[in-house]
Amino acid sequence: MLEAIDLQCTRGERTLFSGLDFRLRGGELLRIAGANGSGKTSLLRLLCGLLAPAGGSVRWHGEDIRRLREEYWGRLVYIGHANAIKDDLTAAENLAIACALGGHRVAAGALRSALDQLGIGGSEHRPARVLSQGQRRRVALARLALSEHSPLWILDEPFTALDARAVDIVQEMIASHVARGAAVVYTTHVELEIAVAVALRIDLGAAAV
Amino acid sequence: MLETAVFVIRRDLLLAMRRRSDVLTVLLFFVIVVSLFPLGVGPEPALLRTIAPGVIWVAALLASMLALSRVFAQDYADGTLEQMLLSASPLSVIVAGKVLAHWLMTGLPLVLLAPVLALQFDVPQNFLGELMLSLLLGTPALSLIGTIGAALTLGLRGGGALVALLVLPLYIPVLIIGAGALDAAAAGLGAGAHLLLLGAFLVMAAAFAPWVAAVALRIALE
């Protein structure tokens with residue numbers, strides 16, 4: 001379903017990677033590994049369509065994602081490095097906005113249960129500015145609990161700032177989603193064993209010079 | 001699609017309510033700039049009546065520009081803009097929603113305040129209607145054009161100064177037509193033709209600016 005064909009990425013004068021090919025089907029988990037500066041985040045941004053490839057293409061069901069645009073983005077959930085959390089809004093308001101931008105409105109009860117699932121149910125009416133980094137990350141990741149319909153999750157360092165309990169919860173969410181037949185691509189520096197039938201790995205190696 | 005735009009407008013208005021100082025800064029800037037001129041040029045009523053259209057329009061234009069850098073900067077910094085770019089709704093629709101919210105927070109209050117401030121210039125009563133109407137048509141056009149500049153300079157060092165250099169020349173037609181409408185009204189010629197031109201400018205800006213800004217945002221985030 002998600003295919004990278006002869007993908008090349010350059011940032012400024014540096015070529016981060018080139019000739020990258022892979023195919024990810026539903027029910028498969030793909031971990032992008034590599035040193036800092038090796039191009040993990042750039043690869044995820046390429047897979048989302050936020051970045052234009054210097055060469056090659058990314059395809060979704062055989063169609064170039066840069067042609068599909070909104071049709072592809074409507075099926076994708078991307079949680080980036082930045083949490084997309086507003087300090088002046090409450091946890092529930094932030095989550096509602098993230099879902100609305102993703103194209104679906106969510107009832108207050110569903111927002112509450114998603115935040116509960118991530119262990120921050122008691123903070124739903126607190127402004128994000130008083131939440132810790134880990135709690136803010138949990139708010140961002142609570143969107144996953146409301147995105148079971150999405151066939152593709154792309155997660156950039158989802159475990160950053162999370163405590164051990166939250167890491168377990170997110171791992172379970174990823175495993176369940178893959179078991180439902182969806183594809184998940186993620187990067188992490190944490191060595192984790194996520195229990196899925198097919199787990200693939202791409203190592204981008206050392207940082208490009 | 002429109003539902004997302006409405007949601008973005010509500011979100012931006014909610015954020016503005018929680019950060020009222022941002023909106024009040026623009027309004028206070030407008031009040032102070034307009035009020036400085038009668039103090040600076042003296043109390044001669046004929047002179048004040050002559051300069052009133054230009055002063056009010058230039059102040060509105062500068063006040064509108066003051067808030068431009070905030071249209072996308074905070075969403076860019078916290079990662080929300082990435083999510084907007086990956087929305088299932090077209091980015092131009094989201095940008096249009098943000099422009100409308102920006103105008104409701106910064107442009108509409110200027111329209112409502114302008115007649116009160118115009119009293120300092122001893123302008124006739126019948127001038128106030130045309131003043132409000134010209135600003136009602138002109139300030140959304142300023143927000144639309146300004147959004148293009150804000151998108152083009154997003155993430156650049158010294159973006160605030162650059163946006164002024166980019167946007168001010170583009171504001172000139174609106175300034176000439178808007179101030180011209182008030183001059184015509186003051187001369188008893190009627191402001192109809194100028195207001196129609198402003199309306200046409202607004203329609204053209206509404207048709208193209210969100211689309212151009214959306215393209216600029218995609219380039220800025222690459």
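**Notebook: strands of chain A, helices of chain B**

I looked up I5(A) and found that I5(A) stands opposite S57(A) in β4(A). The model is predicted, so I kept its limits in view: local features need pLDDT of at least 70, side-chain atom pairs count only at pLDDT 80 or more, and totals for chains, interfaces and linings use all residues. Residues are numbered from 1 along each chain as its sequence is written, chains are lettered from A and ligands numbered from 1 in written order, and side-chain values use heavy atoms, without hydrogens and water.

Strands, chain A. I noted that β1(A) (residues 2-11) and β4(A) (residues 55-60) run antiparallel and are joined by five bridges. Strands are DSSP runs of E, at least two residues, and helices are runs of H or I, at least four, numbered from the N terminus; pairing requires at least two DSSP bridges. I then followed β1(A) to β2(A) (residues 14-24), an antiparallel pairing over seven bridges. L2(A) has L24(A) as its bridge partner in β2(A). The two strands form a hairpin with two residues between them, and G12(A) in the turn has a positive phi of about 65 degrees.

Helices, chain B. I checked α2(B) (residues 20-41) against α6(B) (residues 91-118): they pack at about 30 degrees, axes 10 Å apart. The angle makes them roughly parallel (under 35 degrees). Axes are lines fitted to C-alpha atoms over the stretch in contact, and angles run from 0 to 180 degrees between N-to-C directions. I listed the contacts (heavy atoms within 4.5 Å): among them, F30(B) and V31(B) in α2(B), and L110(B) and L113(B) in α6(B).

Definitions and conventions: Parallel < 35°, antiparallel > 145°, perpendicular 65-115°, else oblique.
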